[in-house]
Number of protein chains: 4
Amino acid sequence: MGAVKTKRMPRAVREQQMLDAAVEIFGQRGYMAASMDEIAELAGVSKPLVYLYLNSKEDLFTACIRREASALVDAVRSGVRTDLPADRRLWDGLLAFFAHTAAHPHAWSVVHLQARTHGETFAAEAAAMREEIVAFVTHLIAVGAREAHRDPDLPEREVAGLAEALVGAAESLAVWANATEGVTARQAAATLMNFAWAGLGDLTQGRSWSPPPAADDVGHA
Amino acid sequence: MGAVKTKRMPRAVREQQMLDAAVEIFGQRGYMAASMDEIAELAGVSKPLVYLYLNSKEDLFTACIRREASALVDAVRSGVRTDLPADRRLWDGLLAFFAHTAAHPHAWSVVHLQARTHGETFAAEAAAMREEIVAFVTHLIAVGAREAHRDPDLPEREVAGLAEALVGAAESLAVWANATEGVTARQAAATLMNFAWAGLGDLTQGRSWSPPPAADDVGHA
Amino acid sequence: MGAVKTKRMPRAVREQQMLDAAVEIFGQRGYMAASMDEIAELAGVSKPLVYLYLNSKEDLFTACIRREASALVDAVRSGVRTDLPADRRLWDGLLAFFAHTAAHPHAWSVVHLQARTHGETFAAEAAAMREEIVAFVTHLIAVGAREAHRDPDLPEREVAGLAEALVGAAESLAVWANATEGVTARQAAATLMNFAWAGLGDLTQGRSWSPPPAADDVGHA
Amino acid sequence: MGAVKTKRMPRAVREQQMLDAAVEIFGQRGYMAASMDEIAELAGVSKPLVYLYLNSKEDLFTACIRREASALVDAVRSGVRTDLPADRRLWDGLLAFFAHTAAHPHAWSVVHLQARTHGETFAAEAAAMREEIVAFVTHLIAVGAREAHRDPDLPEREVAGLAEALVGAAESLAVWANATEGVTARQAAATLMNFAWAGLGDLTQGRSWSPPPAADDVGHA
DNA sequence: CATGAATGAGTTTTCATTCAT
DNA sequence: CATGAATGAAAACTCATTCAT
């Protein structure tokens with residue numbers, strides 16, 4: 001499992017090996033439970049070298065988040081062709097997303113779970129990436145509405161909430177798919193696409209569900 | 001904030017005070033960063049007493065997860081009346097869910113975030129509760145389909161995926177609502193309900209989105 | 001040498017034991033070369049206890065400096081009776097000083113050497129005590145001049161320099177006496193007293209040595 | 001500040017550059033807090049080269065002490081002309097001493113402070129030089145007594161103590177002058193000369209201060 | 001010669017946990 | 001019951017020092 005003990009590698013290569021090891025350990029044990037000793041051992045180097053290249057546990061973790069967040073965003077972007085219609089673009093994006101999170105479960109754990117549970121600094125780092133994805137999805141929803149030639153003025157705030165819900169659902173499904181034996185990226189994407197596109201279609205066509213009067217909200221503290 | 005230092009309380013009460021303190025600290029600092037010293041101090045008792053009643057940090061954390069998970073499930077259950085139609089039941093459930101998570105942010109942090117980021121044991125504990133909620137939603141979807149008198153045979157696996165997506169979206173929205181100034185439980189519920197019920201409605205009526213052939217899945221590692 | 005391993009001592013006592021050990025180690029090895037491990041072992045306690053009571057290596061060192069500086073000043077003060085003439089007071093002060101530094105060589109090393117070689121913070125701590133001693137000596141010189149009924153207006157700046165030189169000479173002699181076999185406190189005091197009081201006497205009576213014109217200062221960079 | 005990066009300098013030159021850097025860093029940070037990395041960087045050479053030329057941190061420090069101690073002794077010697085009377089020789093020596101320590105504060109810190117606070121080995125190195133100076137002063141005192149044609153038999157032991165006190169006072173004044181804004185070498189020398197020569201004069205002429213009977217020594221531990 | 005790559009050994013510090021009273 | 005006293009075990013981080021190129 002650990003990298004083969006090879007001597008005298010150029011710095012850039014060693015750094016990637018260290019990040020590989022760190023992502024695996026951080027993803028498995030969590031940020032705090034992960035020990036630099038373990039990471040160094042898995043990377044096949046001594047601890048001082050890790051500190052020489054990555055400075056501190058915090059910096060190492062930040063570097064992991066950045067690398068994996070970028071990799072995920074890139075994967076989604078590369079999966080989408082801008083010359084296709086909106087629904088197809090959403091589908092391709094979801095597929096790429098679920099494929100990447102399935103292929104790199106530790107990375108997904110780091111970016112989605114660990115980064116968000118250990119302080120604002122790390123959370124902000126991951127949030128930056130998430131925003132890119134949310135923006136991408138928001139754009140697709142708006143375009144989708146326009147392509148359907150209906151309700152071109154779906155209110156912005158509403159769209160933001162929908163995008164948030166859609167991305168949230170995707171994130172949760174990714175965790176679920178990783179944890180559940182036998183669920184493929186395609187299946188996860190299909191489930192969500194079905195769920196989402198129909199609902200979005202309805203909305204863009206003016207059909208919506210109306211809540212009962214606020215009175216019955218009372219009683220929940 | 002910490003319980004007033006009173007002598008000779010019945011064990012059950014003292015235990016609840018300790019759990020209150022523990023939930024607050026665990027929710028704020030995270031499992032590992034929380035120190036037993038701090039918890040004991042906030043609870044207004046001596047450290048050995050915490051150990052006498054709760055055995056260990058792990059057991060204490062587990063007890064927190066169990067108590068808060070149950071409280072959340074109970075809150076959702078109490079919010080729903082079985083004599084109402086499915087869509088209304090879903091609405092009421094969501095409302096109760098968002099209201100509870102907003103009212104107890106530390107508890108929600110413990111159950112949703114901390115429990116899932118510090119090892120399988122704790123994750124399993126939280127997963128048990130989650131399953132109850134997923135089952136509840138699954139039931140609602142099935143009933144909803146039946147009430148609509150259409151497609152009574154929506155495949156089980158499909159329904160499971162939909163419930164999972166819906167619950168996942170709700171969880172994400174809860175985090176988002178807690179973190180975003182000015183988003184009420186009602187608004188969060190409305191956003192999700194709109195999104196979900198329309199999509200579900202379509203599905204139960206046989207309209208669905210068809211993915212392109214699997215060939216283009218290739219290339220995503 | 002190390003304190004006998006006794007269990008369950010009151011905090012105040014343990015703290016003194018720790019300070020005793022710390023002074024010995026710091027005095028012997030120097031601040032940086034001293035390890036908390038060694039100090040704890042010599043004190044007969046575990047390292048965590050040292051940290052529980054003294055917080056950090058810096059705080060521990062500061063506590064040592066304060067305790068030993070106070071002890072030295074107190075020793076000198078207690079050795080002097082205000083109802084005696086100035087020369088006798090100076091003699092008694094010197095005697096007390098050399099006796100104390102000889103009896104507590106590690107403490108003297110800490111206060112005089114270590115405190116001054118490891119950063120401004122520690123140096124300031126020791127300087128505070130030194131100032132008390134310098135002030136005491138300055139006072140004695142002034143009083144001595146007055147008692148001699150001559151030159152009551154010895155300039156302040158001059159007196160300050162003299163006190164500084166006298167204290168400096170005493171400090172150096174203390175180190176020398178500690179390092180040289182067979183030099184007693186009495187002898188050290190006598191040497192310095194002889195040297196100083198005669199010189200001071202001359203000065204207070206207007207005899208002084210006149211340097212040659214400044215021209216020949218040139219050439220020394 | 002650091003030497004300009006030039007290639008292929010003769011070994012002797014490179015060594016001096018390294019020592020320059022080392023003295024600066026050791027003087028500023030102290031022996032233990034100084035890092036070989038920092039020294040190598042300031043010297044403008046790679047770390048392995050420092051080891052190639054100077055062997056180890058200990059050896060490097062020793063080399064610094066030796067070089068700077070010699071430089072100081074040389075400075076004092078060069079400042080003194082043997083054809084002048086004793087008092088003038090003492091004055092010139094002091095002037096050279098204070099001028100040198102003021103011009104090379106890091107060097108003075110290394111020789112006087114650092115060398116004495118980090119173990120016997122280094123202390124002995126510095127002590128060797130100090131002895132030369134003490135011998136020089138001892139000689140001056142003896143000659144001074146003879147020139148005054150009185151008490152040619154001032155006991156040796158006494159003279160040694162006096163020389164020690166004088167040198168100690170000079171050392172302390174040097175530190176004080178370096179730390180105090182606006183004190184020139186001339187002023188420091190004048191203060192000490194005045195203080196010392198008068199006192200010595202008295203002594204060489206048989207006037208001395210007599211301590212009270214030893215009885216009252218009792219009680220100082 | 002010169003240097004980038006690499007590490008063994010040690011440092012300070014923290015924490016969950018347990019006795020003795 | 002309640003608590004002050006105490007610790008074993010481990011974690012993050014640093015540094016003098018050495019090869020291979």
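Author: Helix H1 (11-29) and H3 of chain A, H3 of chain B, helix H2 (36-43) and H3 of chain C, and H3 of chain D each supply at least two residues of the surface near DNA strand E. Helices here are DSSP runs (H or I, at least four residues), numbered from the N terminus. This is a predicted model, in which local features need pLDDT of at least 70, side-chain atom pairs count only at pLDDT 80 or more, and totals for chains, interfaces and linings use all residues. Residues are numbered from 1 along each chain as its sequence is written, chains are lettered from A and ligands numbered from 1 in the order in which they are written, and side-chain values use heavy atoms, with hydrogens and water left out.

In total, 33 residues surround DNA strand E, and the closest are A:Arg8, A:Pro48, B:Lys47, B:Tyr51 and C:Lys47. A residue is near a strand if one of its heavy atoms lies within 4 Å of it. By class, the surface near DNA strand E has 15 nonpolar, six polar and twelve charged residues. Ala, Val, Leu, Ile, Met, Phe, Trp, Tyr, Cys and Pro count as nonpolar, Asp, Glu, Lys and Arg as charged, and the others, Gly among them, as polar. Sugar or phosphate accounts for 58% of the atoms of DNA strand E within 4 Å of the protein, and bases for the rest.

Phosphate oxygens of DNA strand E take part in polar contacts with chains A and B, including those of A:Met9, B:Ala34 and B:Tyr51. A polar contact is a pair of N or O atoms within 3.5 Å. For A:Met9 a polar backbone atom is 2.9 Å from a phosphate oxygen, and for B:Ala34 a polar backbone atom is 3.1 Å from one. B:Tyr51, one of the closest residues, instead uses an N or O atom of its side chain, 3.0 Å from a phosphate oxygen.

DNA strand F can be described in the same terms. It is surrounded by 34 residues, the closest being A:Lys47, C:Arg8, C:Pro48, D:Lys47 and D:Tyr51. H3(C) gives the most to the surface near DNA strand F, with four residues. A base oxygen of DNA strand F is 2.9 Å from an N or O atom in the side chain of A:Arg8. Phosphate oxygens of DNA strand F lie 2.8 Å from a polar side-chain atom of A:Lys57 and 3.4 Å from one of B:Ser46.

Note on methods:
Polar contact = N/O pair within 3.5 Å; in protein donor to acceptor, adjacent residues only side chain to side chain.
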